[in-house]
Amino acid sequence: MTIECLVLGAGQEVGKSCVVVSIGGKRIMFDCGMHMGYLDERRYPDFSLISESGDFDNALTCIIITHFHLDHVGALPYFTEVCGYRGPVYMTYPTKALAPLMLEDYRKVMVDRRGEQEQFTYDHIMECMRKVIAVDLKQTVQVDNELQIRAYYAGHVLGAAMFYAKVGDSAIVYTGDYNMTPDRHLGAAQIDRLQIDLLITESTYATTIRDSKYAREREFLKAVHKCVAGGGKVLIPTFALGRAQELCILLDDYWERMNLDIPIYFSAGLTIQANMYYKMLIGWTSQKVKDTYATRNAFDFKHVRSFERSLINAPGPCVLFATPGMISGGFSLEVFKEWAPSEINLVTLPGYCVAGTIGHKLMSGKPTKIDLDKDTQIDVRCQIHQLSFSPHTDAKGIMDLVKFLSPKHVILVHGEKPKMASLKGRIQAELGIECFYPANNDTVQIPSTQYVKVDATCKFVQNCLIPNLKSIQNCVEGKLDVGSSNTESFPMVQTGHKVSEGILVMEKMKKAQIVHQSELLPMLGVEEHQVQFAYCCPVHVRNVDNSKSHEHGSESSEPVGFSTSLQPCAMSSSSIKIADPSLENILLSSEQFLWLHLLFVELSNKFPGEKILEFPDNLQLQSFHVHVCPDANCPYKVKEVIEDKPAVHFCCRWSTLDEKLGWRIISVMQGLDLTYSRPHTPYSKKRKSETSSF
Ligand SMILES: [Zn+2]
Ligand SMILES: [Zn+2]
Ligand SMILES: [Zn+2]
């Protein structure tokens, strides 16, 4: 099974995040963002690549939105209300609460204030949000019988989540935007050590390593303080949510400490409303915010008030938070036009601005003039401060996450091409994990591995828990004199590692399980087998045949009563012609008995210390059993004896415990020469056999 990853947005760019993953027959759209830098059709992902006919309900299993930023949720109302997708949409509770504020703020900026053609209406946003299923962190959601999803805390902005998705044996994680270090109001990303085939991670700061965040925050506060102390105005263009709250906590706290009474404004009631949500969703914020909550809610800003349009040209210093971020239009642009020409004013920009925005232009070198359109040109003489702290993880954080999850493959999105190329190199070289950074509208095929979950029996688990005791004798050996070495006097120490061995049992239609070795045979209902050595050993014989020329004439010209090397190893009884076949058997066994008895005598001489038991049809020495081989095609005959000497084959078997003894006996037997004189009548043999048996 392969995992197919179609990148509709955020491929080698930041903006309109949208990745469609096909996994185990399911198709998930991760994020449905818009690009702030474009006004044409490039603003939205090219949804026709999902379904040419526009049948999105059949083409997609679900949509997952990671957080409320517009580059992740901005195209959602358009996709559900204009394109007509009616399937499930998942996001966390805070994202569901805050995304409509973000969307409505943006819609107003673009339509009401800039007079653009409306892409979606307020009603569209509300209709769209009604389709959303809110999820909690770490809550496993069964989208259908096969698809399972789970959200993990991502830091970044309030409610941001990484998502885990699993179908059968295939699993992936899509990070969205995340932060691996806590900030003023949010904690660091947290995820379980999941077994995944693919990690799709953002890579905004693919090559940046950041040092102490607090030093960089001080830099920002110093720049703001210096500006207002000199009578200047500070413009902080932000989106309604996220960075605005983080910087507000920072400034409010600083104002308190420095005892400043210069006004801090929010550009619209919207951010005040957002602050209310932040107060409600305190459980999703950082531990520090939660800890101080009892005495003071960090989002109850003391020094912050609402801004009136008339205040734009009011005299005196102030700090203003204005939407949208990156000065992509709207009110922040309106204020920028007024304040930019004065060198005592300050504009702070986030660490990252999307290409195509004024923020991006200001960051790429310091221009003195910006052409807004063919009629409007802005003089830029104000100070520009770029925030060097960011709600995105740096390169170290990305590497740490990749290392922690150790996925089979990594796909980088939400970054800049050259930096992604460099990070890909690091991931492959340092972690040995295959990495891709596809461009927009490219597809990457990822082979997925099949995992088998197995049960373990109690006995196996118990056995695993037995501490691994090892005598420390090994460690001190050599330092002691031999006379005093006594194993029992050494304490047993527990060593750090233990390898537990079990048997993996896989049966059709049953769940595989690991059992302890003692459990296997009863489980299968079979007896234990014992490994034995078996060897059909030829022993040379010399025959003095007294019977041959007497009562029972033989037609055979060969020596009778034993085989030659060219004949079957079984004893021949052809010389004895008796009418009753049962008697023939008795005669046969009596002849075998004689060979066996001769062997007994020889072995007793060669192994004087061993107790050899003699039975009518076999001899036993410990586990070594030997009898005259009755089978011409005995499978234990190793090879034909080449010498042209008569031989009798003795079948021997012995257990592995007596391995060496067995081979010693065999080598003795191979050197033997058994001799016997054949008596006159077979009946006397029988009698002899009977007497010696009893
Ligand atoms: Zn974001
Ligand atoms: Zn983003
Ligand atoms: Zn044999």
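**A zinc site and a sheet**

Visitor: Is Cys634 buried or exposed?

Guide: Cys634 is buried, with a relative accessible area of 8% (buried is under 20%, exposed over 50%, partly exposed in between; 1.4 Å probe, protein chains only). Cys651 is buried too, at 9%. This is a predicted model, where local features need pLDDT of at least 70 and side-chain atom pairs pLDDT 80 or more, while totals for chains, interfaces and linings use all residues. Residues count from 1 along each chain as written, chains are lettered from A and ligands numbered from 1 in written order, and side-chain values use heavy atoms, without hydrogens or water.

Visitor: Which protein donors hold the zinc ion (ligand 3)?

Guide: Donors are N, O or S atoms within 2.8 Å of the metal (3.2 Å for Na, K and Ca). Here they're the SG atoms of Cys536, Cys629, Cys634 and Cys651, 2.1 to 2.4 Å from the zinc. Along the chain they're spaced C-x92-C-x4-C-x16-C. Cys634 sits in the loop between strand 31 (624–628) and strand 32 (647–655), and Cys651 in strand 32, so the pair ties together parts 17 residues apart in sequence (strands are DSSP E runs of at least two residues, numbered from the N terminus).

Visitor: What geometry does the site of the zinc ion (ligand 3) have?

Guide: Tetrahedral, with angles of 96 to 117° among the four donor atoms (the cut-off is all angles between 85 and 135 degrees).

Visitor: In what order do the six strands of the open sheet run?

Guide: 14-13-15-12-16-19, with parallel pairing (at least two DSSP bridges per pair). Strand 14 (304–306) and strand 19 (383–386) are at the edges with a single partner each, so one side of each lacks a neighbour in the sheet. Three bridges join strand 13 (264–266) to strand 14, and Tyr265 has Arg305 as its bridge partner.

Terms used. Tetrahedral: all angles 85-135°; square planar, octahedral: opposite > 155°, others 65-115°. Helix = DSSP H or I, 4+ residues; strand = E, 2+ residues; numbered from the N terminus.
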